[in-house]
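Good morning, and thank you for joining this meeting. Please look at the sequence and the structure on the screen, and keep both in view as I speak.

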Amino acid sequence: MALRDFVGNEHAVRFVRRMTERGTLPHAWLFSGPQRVGKRTLAIEWAKLLNCQSPVQTEVGIDACDRCVSCRHLSPDRPSYAQTQPAVYIVDTLMAAYWEAEEKAKEGETVDPTKLKPKLSLGINAIRVLRESLSHQTFWRYRVVIVDEAERLTEEASAALLKTLEEPPDRTLFVLVSANPWAIHPTIRSRCQPLRFRLVSSSVILSALKAMGLPDEKASLLSRLARGRIGWAIEAAKEQNWRQTRESLFNLLNMMVTMSWFDVFRFAEISTKGVEEGDSEGETSTASQRRQLEELLEGLMLGWRDILANAFGARDLIVNIDWQPLLQRTSLSPEQALKVLLELRQTFRRIRPPLNANPQLALELLALQTLEAISSPKVALQ
């Protein structure tokens, strides 16, 4: 894969290609936009181009050869791609867990690297390890530091990273990737060249899925369910666990539209029942749960969006077209559906940084608010 193979957000591809050709590169960037639209992937593909040993000139501009040693080390087919290229550093919550385990191993603790799971936040230790790595000389054209989910940086980590951004090493680019840039320290944001990503159109996703060899019916359903997230669509095309996830979502959505007092605490219990618990030690377990709950809440928000569209009679806007029977027998007003949708959004914000609310309590509160909303008198929206 190279820039020429990137799907969606063509404006971002053109911009980084143009900046590369000019050779005037700001040392810090902020790739922001919805989740799973290709921000991290483009950052890695850009790093590939910057260190390509035999760049090629295409009809649309310069691109990586995809064949040299550097490019091969950044291939997505490699199990730990990007981490095998010595000039490209990925700072994310999984690497934070790895570096923490490495420090424990130095102190004599037994650590099983196969059981590592992403942490909830990016702490000061991750930035310290990064700064130590950057203190060494490099023989590559550029060193590229990709900070994924930069909104998860702690206050201490943000301060340490800010110091590095203010005194950057030579020939080093920092690319911060975030779906919630306003949660990043404002001074860090001010140091970065912004590049905004957008959702990818369903037609573009559909074409990409068909090019992968998916049958028309499956490609059509996934392109709608992706909601502009090309990364989700490609992953779902390769794996089948999304079907089980949707079945769980359907059951929870059905419980919400018929919520009773008896269901209030059952809702929170069932919502977390299938959530992986990780290794029972500290933050890693909590991080694993929260990430899966975030995906669960996003799925429920999409379901309630469909309920709202159905309540308005806008059935052509429904995404979960295979859930029509449930939507048809749901007799809620647009106002009731909107109230639940807003509460879901608020719950999603509560369990994410910087609030990090207790997931169990947040879900119980959501169930109570859902019960109140669907039990309230039906009043037409003005």
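Predicted model: local features only at pLDDT ≥ 70, side-chain atom pairs only at ≥ 80, totals over all residues.

Which element gives the most to the lining of the second largest pocket? The answer is helix H13, with four residues.

The space inside the second largest pocket comes to about 690 Å³. Its lining is made up of 20 residues. Gln35, Glu298, Met301, Arg345 and Phe348 are those that lie nearest the centre of the pocket. Two elements give two or more residues to this lining, namely helix H13, spanning 283–311, and helix H15, spanning 334–351. In terms of residue class, nine of the lining residues are nonpolar, three are polar and eight are charged.

How many cavities of 30 Å³ or more does the structure hold? There is one. The largest cavity has a volume of about 30 Å³. The residues that line the largest cavity are Ile307, Asn310, Ala311, Leu327, Thr330 and Leu332.

Helix H5 covers residues 124–134 and helix H6 covers residues 155–166; their axes come within 8 Å and cross at roughly 20 degrees. Angles under 35 degrees count as roughly parallel, and H5 and H6 are therefore roughly parallel to each other. Their crossing is left-handed. From H5, the residues Ile124, Ile127, Arg131 and Leu134 meet Glu156, Ala157, Ala160, Leu161, Lys163 and Thr164 of H6. This contact of H5 with H6 comprises six nonpolar residues, one polar residue and three charged residues.

Next come H8 and H10. Helix H8 runs over residues 202–211 and helix H10 over residues 230–238, and their axes cross at roughly 25 degrees, coming within 10 Å. H8 and H10 are therefore also roughly parallel to each other. The crossing of H8 past H10 is right-handed. Which residues of H8 and H10 meet? On the H8 side they are Ile205, Ala208 and Leu209, and on the H10 side they are Ile230, Ala233, Ile234 and Ala237. By class, the contact of H8 with H10 holds seven nonpolar residues, with no polar and no charged ones.

The last pair is H9 and H11. Helix H9, residues 216–225, packs against helix H11, residues 241–257, at an angle of about 60 degrees, and the axes of the two are 13 Å apart. That angle makes H9 oblique to H11. Here the crossing is left-handed. The contact of H9 with H11 divides into four nonpolar and three charged residues, with no polar ones.

To close, I would recall two points. Thank you for your attention.

Technical notes:
Residues numbered from 1 in each chain as written. Heavy atoms only, no water. Axes fitted to C-alpha atoms, helices over the stretch in contact; angles between N-to-C directions. Parallel < 35°, antiparallel > 145°, perpendicular 65-115°, else oblique. Left-handed = near helix turned anticlockwise from the far one by under 90°. Nonpolar A, V, L, I, M, F, W, Y, C, P; charged D, E, K, R; others polar. 1 Å grid on protein atoms, 1.4 Å probe; cavity = no way out; pocket = protein on both sides within 12 Å on 5 of 7 lines; lining within 4 Å. Points joined across faces, edges and corners; volume = space filled by probe spheres on them. Contact = heavy atoms within 4.5 Å.
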